[in-house]
Number of protein chains: 2
Amino acid sequence: MKIIVDAFGGDNAPDEILKGCRMAKDALGTEILLTGRADAIRAAASRLSLDLSDMEILDCPDVLTMDDDPMSIRREKKDSSLAVGLRALRDGKGDAFATAGNSGAAVVGATLYVKRLKGVLRVCFAPVLPKSTGFFLLADSGANNECTPQMLAQFGLMGSVYVEKVMGVKQPRVGILNVGTEDHKGGPLQQAAFRLLSEEKRIRFIGNVEARDVPDDAADVIVADGFTGNVFVKTYEGVALVLLDKIKGIFKKNLKNQIAAAMVLGDMKQFKKDFDYNSYGGAPILGCSKPVFKVHGSAKAGTMFSALSLTAKYVSSGITGEIAKAVGGEADT
Amino acid sequence: MKIIVDAFGGDNAPDEILKGCRMAKDALGTEILLTGRADAIRAAASRLSLDLSDMEILDCPDVLTMDDDPMSIRREKKDSSLAVGLRALRDGKGDAFATAGNSGAAVVGATLYVKRLKGVLRVCFAPVLPKSTGFFLLADSGANNECTPQMLAQFGLMGSVYVEKVMGVKQPRVGILNVGTEDHKGGPLQQAAFRLLSEEKRIRFIGNVEARDVPDDAADVIVADGFTGNVFVKTYEGVALVLLDKIKGIFKKNLKNQIAAAMVLGDMKQFKKDFDYNSYGGAPILGCSKPVFKVHGSAKAGTMFSALSLTAKYVSSGITGEIAKAVGGEADT
């Protein structure tokens, strides 16, 4: 198996990306094809004393930054490490592509270069997020501001296949993110999606779930239009950050509190780790003809390694084919 | 000033409601007109040794519970303490109405009996919520699943008047809840609302705000359609509850941690108080021809008292008239 990796994507590129790739090559045995400025990659490897001699490099001059317009991947930034990596995947130079770069551009580029599976209406961005115990997958978290009920039903189906095959949850519970749990809740979009998902025999649809209950294990796959999903995930993150920051402030306030903090340090660290948005590595872009994985933008080597492990599982589980079958089309792979 | 109070609304009715009313009468000097079963109110007063002799009671047999369909206020539950209170307000038996009962029914009933101000397209449910420092108002948090851009613009205007006059924030910052801060972000609804609010000279519009930034003071008034607002507020609450519960678990884990907990107890209590959803008493229903205030369903006496203080300010600030002028109609009061 060969994974194509954008060496210039993310806040900590290329150093942490390269370190993560080294870990993946050593621990998983996957081949790695790096995209990015070859001279800079080699310079970083030398500085970090990293041996990259067993990885190919696809030299490309451009970098698409976090601040670039996602649409720039079509023209101005079509020779960026992100665009080149996606085209390399399309052209069969590897089995999957992973990037910690610009999420919007990754979605646009995946659709443009790698293409959707036949029958897939839209790709969706589906991060795996922590909850009180374990995790859940949110589909869609922002690739599509406007959705049809049919799109939501496909998100549920694709999310279910991914969570079962890659994340190892048997018969994952699929729910619609809504303003109440009763069947008739929400607007026309949620009501129509509810009917479609109720008729979908291949998944375990549990109906509507309230946003309030999601952090406490309401479902394994949460279906939402991209606008609502994005507001949801950003609220999730924002509230957690502010609360953890407040607690940190309390623990630093005075000597007494600092001593108390030292006494619970191990448990607090574990707690922060459990609720770390990085812990599940990122988000698959579901519905592409080949596996594309978006790694957290702030990924360091460890997260990059987790993400590459999931990307490898994304390939080996053959779920692209499963999704293709489920939506009635066929996969390229 | 006389406030009509639903003595049978909320999880802790009638005891805590009555205690809160007693506090308000004593501290604020407002007259109180109670709606509900007179015999039960008198029995509770006697049991609690509360003197209610200076409060009127409007006897009504029915109670509309939290589980009742909001639409039941039109027919089956039209003689409930909630419906009777709203009609008493309409008929001039008091200056405002406060209930800790069924939110949906309060919105339906407010529109049905008290009516909207002339020019107001829809009333909105606008809770005041805690953030890292102070509070913000969210309009709408669930009264209207489907909204037009014009409705969103009115929510911003009404919310701004309320936050300035009742909550005491000078020139409050008004922002649209969106998936990014750039001007063009969101779907057609947010984009059109952005244009309308940009042209609105009477408010301080600061553009789009990301959900991630709201807990950390992005704006004083957050504008959203009721579906998005509801998902937002419930995520806010759900994440806070799960995180606080996890921390409680850490502090109870073993003797060492319990000792640490005792050392930071005062600070943790203050922190929980700062982030308590009850601390700001509840939500005005903005756009009614007379002031209607929805108190938190779980309100105890202290919260009820805070809510009645805000209700009194809602009346004395004359903002119903201001909102009427702002939307180009006229107030009944």
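In the predicted model, Gln154(B), Leu157(B), Met158(B), Val161(B), Tyr162(B) and Lys165(B) of α5(B) meet Ile319(B), Glu322(B), Ile323(B), Ala326(B) and Val327(B) of α11(B), contact being taken as C-beta atoms, placed from the backbone, within 7 Å. By class, these contact residues comprise eight nonpolar, one polar and two charged, where Ala, Val, Leu, Ile, Met, Phe, Trp, Tyr, Cys and Pro count as nonpolar, Asp, Glu, Lys and Arg as charged, and the others, Gly among them, as polar. The axes of α5 (residues 149–165) and α11 (residues 319–327) of chain B come within 10 Å and cross at roughly 150°, which means that α5(B) is roughly antiparallel to α11(B) (an angle over 145 degrees, on a scale from 0 to 180 degrees between N-to-C directions).

Residues are numbered from 1 along each chain as its sequence is written, and chains are lettered from A in the order in which they are written. Because the model is predicted, local features need pLDDT of at least 70 and side-chain atom pairs count only at pLDDT 80 or more, whereas totals for chains, interfaces and linings use all residues.

In chain A, the domain assignment, which is automatic or taken from a database, gives domain 1 (1–120 + 287–333) and domain 2 (123–280). The C-alpha centres of these domains of chain A lie 25 Å apart, and 22 residues of domain 1 are in contact with 14 residues of domain 2. On the side of domain 1 of chain A that touches domain 2, two or more residues each come from α4 (103–114), α10 (301–316) and α11 (319–327) of chain A, with the largest share, five residues, given by α11(A).

Methods:
Helix = DSSP H or I, 4+ residues; strand = E, 2+ residues; numbered from the N terminus. Parallel < 35°, antiparallel > 145°, perpendicular 65-115°, else oblique. Contact = placed C-beta atoms within 7 Å.
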